[in-house]
Amino acid sequence: LWVWVCQRHHTDPKEGAQDNAELNLQLKRDAQMAFQKYYGRKLWMQLFRKSYLDEEWRANDVGQEESKA
C-alpha cells in the first residue's frame with residue numbers, strides 16, 4: 001500500500017511523516033479509508049490487523065459493510 005507525499009512531507013525533520021506523529025497517523029487513516037472504499041474493512045483487518053480510524057469512522061464503515069451484504 002502506497003501513499004504519495006511530496007519530498008518535504010517525506011523527509012523534513014519537522015514536517016515529514018517519519019518524524020511527525022500527527023501527519024503519520026493522518027496518512028495511515030487516509031490509506032485505510034481509500035483501501036476500505038474498494039476492498040472493505042474485513043480485508044483491511046485480515047491484512048493489517050490494526051485500524052487507524054477512530055470510533056466514529058469505524059461505526060460509519062461497519063454500517064456501510066452491513067448495507068452491502
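1. Glu15 counts as partly exposed, at 34% relative accessibility; the classes are buried under 20% relative accessible area, exposed over 50% and partly exposed in between, with a 1.4 Å probe and protein chains only. Its side chain meets that of Arg8 in a salt bridge, 2.9 Å from N to O. The term denotes a side-chain nitrogen of Lys or Arg within 4 Å of a carboxyl oxygen of Asp or Glu. Arg8 is likewise partly exposed, with a relative accessible area of 44%. By this rule the count comes to one salt bridge. Side chains of opposite charge can pair when their charged atoms come close.

2. On provenance, this is a predicted model, in which local features need pLDDT of at least 70 and side-chain atom pairs count only at pLDDT 80 or more, whereas totals for chains, interfaces and linings use all residues. Residues are numbered from 1 along each chain as its sequence is written, and side-chain values use heavy atoms, with hydrogens and water left out.

3. As to the overall fold, the secondary structure comprises three helices and zero strands, and the pattern read along the sequence is α-α-α. Helices (H or I, at least four residues) and strands (E, at least two) are DSSP runs, numbered from the N terminus. Of the 69 residues of the chain, 19% count as buried. The accessible surface of the chain comes to about 5600 Å², and 53% of that surface belongs to carbon and sulfur atoms; such areas come from the Shrake-Rupley method with a 1.4 Å probe, and for residues only the protein chains shown count as cover. Among contacts between residues at least 6 apart in sequence, 26% join residues at least 24 apart, a contact being heavy atoms within 4.5 Å.

4. A polar atom of the Gln32 side chain lies 2.7 Å from the backbone nitrogen of Tyr52. When residues up to four places away in sequence are not counted, Gln32 touches Arg41, Trp44, Lys50, Ser51, Tyr52 and Leu53.

5. Ser51, one of the residues touched by Gln32, is placed in the loop between helix 2 and helix 3 (55-68). At 16% relative accessibility, Ser51 counts as buried. Its side chain makes a polar contact with the side chain of Arg41 at 3.3 Å and reaches the backbone nitrogen of Leu53 at 3.3 Å. A polar contact is a pair of N or O atoms within 3.5 Å; within protein, one must be able to donate a hydrogen and the other to accept it, and residues adjacent in sequence count only if both atoms are side-chain atoms. The C-alpha atoms of Ser51 and Arg41 are separated by 8.8 Å, the two residues being ten apart along the chain.

6. Phi of Arg49 is near 55°, a positive value in a residue other than glycine. Most residues other than glycine have a negative phi, and most peptide bonds are trans. Arg49 also belongs to the loop between helix 2 and helix 3, and is exposed, with a relative accessible area of 72%.

7. A search of the whole structure finds six aromatic pairs. Among them, Trp2 and Trp4 form a stacked pair, 5.9 Å centre to centre with 25° between the planes. Rings of Phe, Tyr and Trp (its six-membered ring) pair if their centres lie within 6.5 Å; planes under 30 degrees apart count as stacked, over 60 as edge-to-face and the rest as tilted. Both Trp2 and Trp4 are exposed.

8. Trp44 and Phe48 form a tilted aromatic pair, at 4.1 Å centre to centre and 35° between the planes. The two residues are separated by about one helical turn because they are four residues apart in helix 2. Trp44 is buried, with a relative accessible area of 3%, whereas Phe48 counts as partly exposed at 37%. Phe35, Tyr39, Trp44, Phe48 and Tyr52 form one aromatic cluster.

9. Phe48, which lies in helix 2 (residues 21-48), also takes part in a surface feature. Together with Leu1 and Leu47, Phe48 forms a nonpolar patch with about 320 Å² of accessible area. Patches are made of residues with over 30% relative accessible area and no salt bridge, where like charges are joined within 9 Å and nonpolar side chains (Val, Leu, Ile, Met, Phe, Trp, Tyr) within 5 Å.
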